[in-house]
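Dear colleague,

Please find below the structure that I am handing over to you. I would be grateful if you could look through it alongside the notes that come after it.

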Amino acid sequence: QIYSADTRPEHIHAIAAAVSARLPGAVVVGATTVGEVAHGRLVTGHTVIGFTFFRTSQLHTIALPCTGGDEREKGAEIGRRVTQMGGAVAGVLLLSTPLSMDASALLQGLSSSLQDTPVFGGGAGDYAAMNHSLVFCATQWMERGAVAVVFCGADLHIEPQTYLGWRPLSRPMRISKVDGLRVQQIDGRPAFDVYRRYLNITNDSQFFLNALEFPLLMERDGQLLARVPVAADETGALQFVA
């Protein structure tokens, strides 16, 4: 797995090609990132390569571009392909580009055709304007799409666990107006006012990086979910990727 702060396709292509040349049997996937993790620590501005070795399991890849509006269909297609691989599927690693597509629709499509299989992974990021991210499989890269690695093997067992770690900071509030992935109002006021009033965060090019440590905690089905806004527009609406 390759996770790179550098979003240039030629940079990623060179690393993936070098790994494939030295390890011809390797499955090589990855994504661009905002903050990389190495040896349990956060680093920035780096490219991190992680190697995982399997003795008896088999790995298969699925790479699908999304043209916009077909995310649910592409998610369902991934699920169908995984199901066709038989009963030895232990889990699926999924990487996508949520800055350029509706990752929620992708997951909804996936869940419609794939049942009781652990799915884990993440979304590609971008340090700069939060609008240019890549996922890649071998030397193929996509600005809008998804890559899945299907783990198969009777001896392989994957147990998904979640850990939130965030705690509520303010009083409870209600999202009162939305438009797709844009939260327009919270408690009847422009959603951005929450970040301005409580945290003194300004609506500028650094908004995402400043808001990164202060996600909205939303209660859904009795559980708290953390959602970080990636941008705020001139009307005070907050843009999310899910």
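Predicted model: local features only at pLDDT ≥ 70, side-chain atom pairs only at ≥ 80, totals over all residues.

The largest nonpolar core comprises 16 residues. Ile62, Ile78, Val82, Leu94, Ala148 and Val150 are those with the most contacts inside it. Two or more residues of this core come from each of strand E6 (58–65), helix H2 (71–83), E7, helix H3 (103–113) and strand E11 (145–152). The largest contribution is that of E11, with 4 residues. As for Val150, its contacts beyond four places in sequence include Ile62 and Val82, and Gln58, Leu59, His60, Met85, Val89 and Gly91 are also among them.

Strand E7 (residues 89–96) also contains Ser96. This serine has a relative accessible area of 7% and is therefore buried. Setting aside residues up to four places away in sequence, Ser96 touches Met101, Ala103, Leu106, Gly122, Gly123, Ala124, Val135, Gly145 and Ala146.

Turning to charged side chains, the structure holds 8 salt bridges. One of them joins Arg171 and Asp187, at 3.1 Å from N to O. Arg171 lies in the loop between E11 and strand E12 (175–179), and Asp187 in the loop between strand E13 (182–186) and strand E14 (189–190), so this pair ties together parts that are 16 residues apart in sequence. Arg171 is partly exposed, at 45% relative accessible area, and Asp187 is likewise partly exposed, at 35%.

A further salt bridge links Asp193 with Arg196 (3.7 Å, N to O). These two are 3 residues apart in helix H4 (residues 193–199), which means that about one helical turn separates them. Asp193 is buried, with a relative accessible area of 15%, whereas Arg196 is partly exposed at 41%. Arg182 is partly exposed, with a relative accessible area of 22%, and so is Asp179, at 43%.

His39, which is not a glycine, has a positive phi near 55°. His39 is located in the loop between strand E3 (36–38) and strand E4 (41–43), and is exposed at 84% relative accessibility. Ala138 also has a positive phi without being a glycine, at about 60°. Ala138 sits in the loop between strand E9 (135–137) and strand E10 (140–142), and is partly exposed at 33% relative accessibility.

With kind regards

Technical notes: Residues numbered from 1 in each chain as written. Heavy atoms only, no water. Buried < 20%, exposed > 50% of the residue type's maximum accessible area, 1.4 Å probe, protein only. Contact = heavy atoms within 4.5 Å. Core = buried A, V, L, I, M, F, W, Y, C linked by side-chain atoms within 4.5 Å. Salt bridge = Lys/Arg side-chain N within 4 Å of Asp/Glu carboxyl O.
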